[in-house]
Amino acid sequence: MVADDGISASVAFSAAEAASAATAAVLGSTPVSVHVEKLTATDSGVCTQIAAVHRLNERFAACRTYEAATQLAGELSDTALCQALINLLVDADALVELVVQLMGNLCLHDKGVHGLQRAGAFPVVVAALRADEPLVRITGLNLLVVLAERKEMIVPLIKAGVIKLLCFLGKGMEACHWQQVLEIAESLLAMPFAVPERQRQQLRDMLGAAAKAHKASKEQGKGGLPLDARRLSRLLIVLRALNMAVPSEKPKRR
């Protein structure tokens, strides 16, 4: 079994390297700066900008190492590009999942994460994920998973309305992307008292309803909801404990 796993891993890495090489060959010698200029120019038009976003995503796909992709993310993460992506996410009518994908690629580097945060991307992404667009939603939730893992981004994400988004998505139960929802919630609760009490209660109510629905589904022989039951139970325990806890008061000024 170990040998099979080794062979499978070797084949997977070889396939990934071959795919990167093929993508790089197709891209040709057009400088990255050309695509950046098309994306950030105010008179380019939405179609031209989306095409530029697609080309930049291809540049990341063509990177043969993680270090190369990280370096590319650092080079691209300036204020003008981050702002252009936000504007495009608002203005474009189609293929906006490519915009969110590029945001995720930029987050390979610290400059990309902080650049998107300073430009005000978080509330825009959260609002976009309320629309019933499957590709945008899965890409956006994966982006939020990455961002929520960074402790310095927890408060900005909460202020952007991520908890409310999770509660909104959780109402869909079976249709919800439970893996990402639970991962994001777990990361945000690393700073529990940064979450307003009312939002903690709403999150607890939604997860409690999910636990009941999961149990009922299993009892009916349907296998339950597509979620990690242990992670769900752990989150509920944390939220119940927080409900009984009182955050320490700040010392009064004399």
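Where does leucine 95 lie? Leucine 95 is found in the loop between H5 and H6. The model is predicted, with an average pLDDT of 87 over the chain and 84% of the residues scoring at least 70. Over residues 6-26 the pLDDT is below 50, and beyond near neighbours in sequence this stretch has 10 contacts in the model. Where pLDDT is low, the predicted coordinates should not be read in detail.

- The phi angle of leucine 95 is near 60°, which is a positive value in a residue other than glycine.
- Leucine 95 has a relative accessibility of 45%, so it counts as partly exposed.
- Threonine 70 is part of helix H4, which covers residues 66-76.
- With 17% relative accessibility, under the 20% cut-off, threonine 70 counts as buried.
- Not counting residues up to four places away in sequence, threonine 70 touches Leu108 and His109.
- Leucine 166 belongs to helix H11, and at 0% relative accessibility leucine 166 counts as buried.
- Leaving aside neighbours within four places in sequence, the contacts of leucine 166 are Val181, Ile184, Ala185 and Met206.
- Arginine 130 is 36 residues from leucine 166 along the chain, and the C-alpha atoms of the two are separated by 9.7 Å.

**Helix H12**

- Helix H12 runs over residues 178-188, and eight of its 11 residues are buried, so H12 is largely enclosed by the rest of the structure.
- The buried residues of H12 are Trp178, Gln180, Val181, Leu182, Ile184, Ala185, Ser187 and Leu188.
- Val181, Ile184 and Ala185, which are among these buried residues, are in contact with leucine 166.
- The cover over the buried residues of H12 includes H9, helix H10 (154-159), helix H11 (162-170), helix H13 (197-219) and helix H14 (229-244).

**Helix H3**

- Helix H3 has 17 residues, 46-62, which at 1.5 Å a residue should span 24 Å; the end C-alpha atoms of H3 are 24 Å apart, in agreement with that expectation.
- Buried residues of H3 are Gln49, Ile50, Ala52, Val53, Leu56, Asn57, Glu58, Arg59, Phe60 and Ala62.
- An α-helix has 3.6 residues a turn, so residues three or four places apart point the same way.

**The largest pocket**

- The largest pocket holds about 190 Å³ of space.
- The pocket has 13 lining residues, and the closest to its centre are Asp93, Ala94, Val96, Glu133 and Val136.
- Helix H6 (96-106) and helix H9 (134-148) are the elements that give two or more residues to this lining.
- H9 supplies the largest share of the lining, three residues.
- By class, the lining of the largest pocket has 10 nonpolar residues, no polar ones and three charged ones.

**The second largest pocket**

- About 160 Å³ of space lies in the second largest pocket.
- The residues that line the second largest pocket are Leu39, Thr40, Ala41, Thr42, Val46, Gln49, Ala80, Gln83, Ala84, Asn87, Leu88 and Asp91.
- Two or more lining residues come from each of helix H2 (32-40), H3 and helix H5 (79-91).
- H5 gives the most to this lining, with six residues.
- The lining of the second largest pocket divides into six nonpolar, five polar and one charged residues.
- Gln49 is one of the residues in this lining and is also one of the buried residues of H3.

Notes:
Residues numbered from 1 in each chain as written. Predicted model: local features only at pLDDT ≥ 70, side-chain atom pairs only at ≥ 80, totals over all residues. Heavy atoms only, no water. Helix = DSSP H or I, 4+ residues; strand = E, 2+ residues; numbered from the N terminus. Expected span 1.5 Å × (residues − 1). Buried < 20%, exposed > 50% of the residue type's maximum accessible area, 1.4 Å probe, protein only. 1 Å grid on protein atoms, 1.4 Å probe; cavity = no way out; pocket = protein on both sides within 12 Å on 5 of 7 lines; lining within 4 Å. Points joined across faces, edges and corners; volume = space filled by probe spheres on them. Nonpolar A, V, L, I, M, F, W, Y, C, P; charged D, E, K, R; others polar. Contact = heavy atoms within 4.5 Å. pLDDT = per-residue confidence, 0-100.
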